[in-house]
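I opened the notebook to write down what I looked up in this entry. The sequence and structure come first, my notes after.

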Amino acid sequence: MLYNIAIYFFISRLLIRFVRGDNCISEELMGVEGMEIEVKVITEASCDELIALYRGAGWWNEKTDDISWLPLLIRGSICFVGAFCEGRLIGMGRGIGDGISDAYIQDVTVLPEYRNKGIGGLIINKLVNALQDIGLKWIGLIGEPGTQTFYERLGFRVMKDYIPMMKKGEDQR
């Protein structure tokens, strides 16, 4: 029994590495309003580009946030997706979880000047497909206020009678 669990864990980790892009994974090129947008699983990005995305979303605090954790953000995700226009990172999203049973989509954002062009939907679809490719069936997220219709169009639904919660802390925004 223990042997079977070890084999299952090993295979799961290999699949996660594949989805994260440690090996070759298909890339998507999409034309969006005259722009060529490339959406793909990535394993690294420049700190400056990530900070620009977090600033654009209002998630970066210049006084307290430290760039040292940004590379770990990508490596620690089951899957990290970037959207690129002419080689520039303009959008991102990540899947987090245990890689075996559940995944949560988090940190989906697109630079303000590229919003409302369908890029966020491409990111979500790429994340969902990558997570499902490694066998994850339960994929959830917590959307920001005003995003319910966006996520419903992409196949998500409100979890009736469930309450998203967060541990309070001094550094929570």
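How many salt bridges does the count come to by the rule I used? The rule is a side-chain nitrogen of Lys or Arg within 4 Å of a carboxyl oxygen of Asp or Glu. By this rule I get three salt bridges.

Notes on the source. This is a predicted model, where local features need pLDDT of at least 70 and side-chain atom pairs count only at pLDDT 80 or more, while totals for chains, interfaces and linings use all residues. Residues are numbered from 1 along each chain as its sequence is written, and side-chain values use heavy atoms, with hydrogens and water left out.

Entry 1, the chain. I found five helices and six strands in the protein chain. Helices (H or I, at least four residues) and strands (E, at least two) are DSSP runs, numbered from the N terminus. From that end, the elements run α-β-β-α-α-β-β-β-α-β-α. The protein chain has 173 residues, and 38% of them count as buried. Buried means under 20% relative accessible area, exposed over 50%, and partly exposed in between, with a 1.4 Å probe and protein chains only.

As background, side chains of opposite charge can pair when their charged atoms come close. I looked up Arg94 and Asp107, whose closest N and O atoms are 2.8 Å apart. Arg94 lies in strand E4 and Asp107 in strand E5, so this pair ties together parts that are 13 residues apart in sequence. Arg94 counts as buried at 10% relative accessibility, and Asp107 counts as buried at 14%.

Next I looked up Glu113 and Arg88, which form a salt bridge with the closest N and O atoms 3.3 Å apart. Glu113 is in the loop between E5 and helix H4 (119-133), Arg88 is in strand E4 (residues 88-97), and the two are 25 residues apart. I noted Glu113 as partly exposed at 46% relative accessible area, and Arg88 as partly exposed at 36%.

Lys160 forms a salt bridge with Asp161, with 3.8 Å between the closest N and O atoms. Are Lys160 and Asp161 buried or exposed? Both are exposed.

I located Thr109 in strand E5 (residues 102-110). Thr109 has a relative accessible area of 5%, so I filed it as buried. What is Thr109 in contact with, leaving aside its neighbours within four places in sequence? Contact means heavy atoms within 4.5 Å. My list for Thr109 is Leu53, Ala57, Trp59, Ile90, Gly91, Met92, Arg115 and Ile123.
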